[in-house]
2 protein chains.
Amino acid sequence: VSDLAVGVDVGGTKVAAALVTREGAIVQTSRRPTTHTVTTPPGQATAVDILAAVTELIGERTDVPIGIGLPGMMTRRGVLAYAPNLPTANGGDFAALLNALRPGLVVSCANDADCAALAEHRLGAARGVDNFVMVTLGTGIGGGVVLDGKLVRGTNGFAGEIGHMVLDPQGPLCPCGARGCWERFASGAGIARLAREAAAAGRLPALVALRGGDAQSVRGEDVTTAAAEGSEEALAVIDEVAWWLARGVANLTAILDVGLVVLGGGLGDAADLLIPPARRALHGMLEGGDARPALRFERAQFAVEAGALGAAQLAFDAVQ
Amino acid sequence: VSDLAVGVDVGGTKVAAALVTREGAIVQTSRRPTTHTVTTPPGQATAVDILAAVTELIGERTDVPIGIGLPGMMTRRGVLAYAPNLPTANGGDFAALLNALRPGLVVSCANDADCAALAEHRLGAARGVDNFVMVTLGTGIGGGVVLDGKLVRGTNGFAGEIGHMVLDPQGPLCPCGARGCWERFASGAGIARLAREAAAAGRLPALVALRGGDAQSVRGEDVTTAAAEGSEEALAVIDEVAWWLARGVANLTAILDVGLVVLGGGLGDAADLLIPPARRALHGMLEGGDARPALRFERAQFAVEAGALGAAQLAFDAVQ
């Protein structure tokens, strides 16, 4: 039984790896940009990236287990079936690819948001909570659903694609092909879109002035930065995003009756801005009124490191 | 171990009981209208109804276990916490109420759609399927979620309120207080509403003529009857309802990746009309395209008897 594992978080822009103890302490990290090269078999270039990041941490040892969080729909067998942000890896079987590159490595794979859920469940904001949903805000919205203490995988392994719950069938087009997916409203892309809409409607005069009068160049970060500084016009956009965040959380609660929703991902301080108004909006959205105990809605303990930490937990599980 | 159980299905209009074998054969049934009387303790009048229905089947025996399906949010402890269609029973602890009336009765309680899910899982369309959602269409939409072979209860016991997933926040007001709940579009009430809208917009001329030219008096049943007879104008409304049905099913699939959705409830032949166009609409709504195996979407094996059959299974479980 190893006391160390490597957790790897693979994204569309970077591959980040961490050497981690069983208790979640990060000993060392490495990162590199993601290569987008079409290969046969699919995912070979990504596997080479992963191995390089791993080798930087543990050399050519094979007695340290490896966990990998991947950005897309993972089959129960561990194949990356659909990865819109890393299409060259579609169909990649990363345990097999890594083993072909370095025989003897013990490799486990999962969806990246599922890894984040595992990190929060074992080490973070959801310790001791049997029923919760992990919501990761980034460019889109990822999710991990834990019920009765176990990660929900679903029939194929594709459970947790909560960002593609449609909240408004007349809403903006999503790259997935549907209209009005949750992640079009409450995510990095959602903040950016609602910011542009507010700017075009004349509701962000100070931020538009900062951008030289061009409403279309107002960015999501402009809004979160100004909101953090107390700008009323920016806080109004944050309230709108928070309302949509709450709307999706309320839907998940109707279906699953989780007691806790953990908000994580790479949006950083935006999460702190969104949680208070989202909590206020949630009040009144949940069926049953006073008969239903309050839903807890908390920020994740871990930020960008959640994926690698959770992937390392996956690795420890594989060698237990 | 008893070879017989009584399953009771309590609704807002009737209390239906069935004496059932372990294999699901119905030996005898009884039914009576639901009494709506405010009592202390709450639910006392409903408990008297239930006991009368039970007594008609098994006299004063207490060696036959009783299962009860109730129309609302049930706590894990078995208390009916919120029942919009049976408000006099809000807060009722039916196991305790029945035991006060007839000491020694073994009583188990659950949400009625959860009972229907149990019936389909043990005896019906979902036998052998570990991950499925039961969707019951009636006036509203009820639900039961089974993952890894187990009914999902959630933190409080309130999981499965799928009809109150919001699909359009600008949509019609729901009695629950939200706007655009799924059950406002795809349910008995949804068919009725979309039928009135279509009639008012001049899209149902033949049915309006049948109702003496009054668009507002066109009913949901008019549409389902005409659609079953092949009326193009009625089938167009059915297609619209089916689209909304598919939209909700697609959301559940994004979140839970179930392999099967079972459509049941009291709408009878409407389900047969809705399933083919809903299947067509589903095609293309599910993220992942060809990477995702087809979702099965099937009619329930049981109709109105599903609640009592599932409640009886609950009763058998309690004495195993």
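In this predicted model, A:Arg279 and A:Glu298 form a salt bridge, with N and O 3.3 Å apart. A salt bridge here is a side-chain nitrogen of Lys or Arg within 4 Å of a carboxyl oxygen of Asp or Glu. The pair links distant parts of the chain, 19 residues apart: A:Arg279 lies in helix H8 and A:Glu298 in strand E13. Helices (H or I, at least four residues) and strands (E, at least two) are DSSP runs, numbered from the N terminus. A:Arg279 is partly exposed, at 40% relative accessible area. A:Glu298 is also partly exposed, at 26%. Partly exposed lies between buried (under 20% relative accessible area) and exposed (over 50%), with a 1.4 Å probe and protein chains only.

Helix H8 (residues 269-282) and strand E13 (residues 296-299) of chain A also hold A:Asp272 and A:Arg299, respectively. These two residues form a salt bridge, their closest N and O atoms being 2.5 Å apart. In chain B, B:Glu221 pairs with B:Arg219 at 2.9 Å, N to O. Over all chains, the search finds 29 salt bridges.

The interface between the chains has 4 salt bridges. One of them joins A:Arg76 to B:Asp148, at 3.7 Å from N to O. Chain A gives 44 residues to the contact and chain B 44 (heavy atoms within 4.5 Å). Together the chains bury about 3,600 Å², 57% of it on carbon and sulfur atoms. Buried area is the accessible area (1.4 Å probe) that two parts lose on being put together, summed over both. A:Ile255, A:Asp257 and A:Glu287 supply 20% of the area that chain A buries against chain B, more than any other three residues.

Helix H7 of chain A gives the largest share of the chain A side, 8 residues. By class, that side has 24 nonpolar, 10 polar and 10 charged residues. Nonpolar covers Ala, Val, Leu, Ile, Met, Phe, Trp, Tyr, Cys and Pro; charged covers Asp, Glu, Lys and Arg; the others, Gly among them, are polar. Of the 25 residues of H7(A), 19 are buried. Just after H7(A), A:Asp257 takes a positive phi of about 50 degrees.

Residues are numbered from 1 along each chain as written, and chains are lettered from A and ligands numbered from 1 in the order written. Local features need pLDDT of at least 70 and side-chain atom pairs 80 or more, while totals for chains, interfaces and linings use all residues; side-chain values use heavy atoms, without hydrogens and water.
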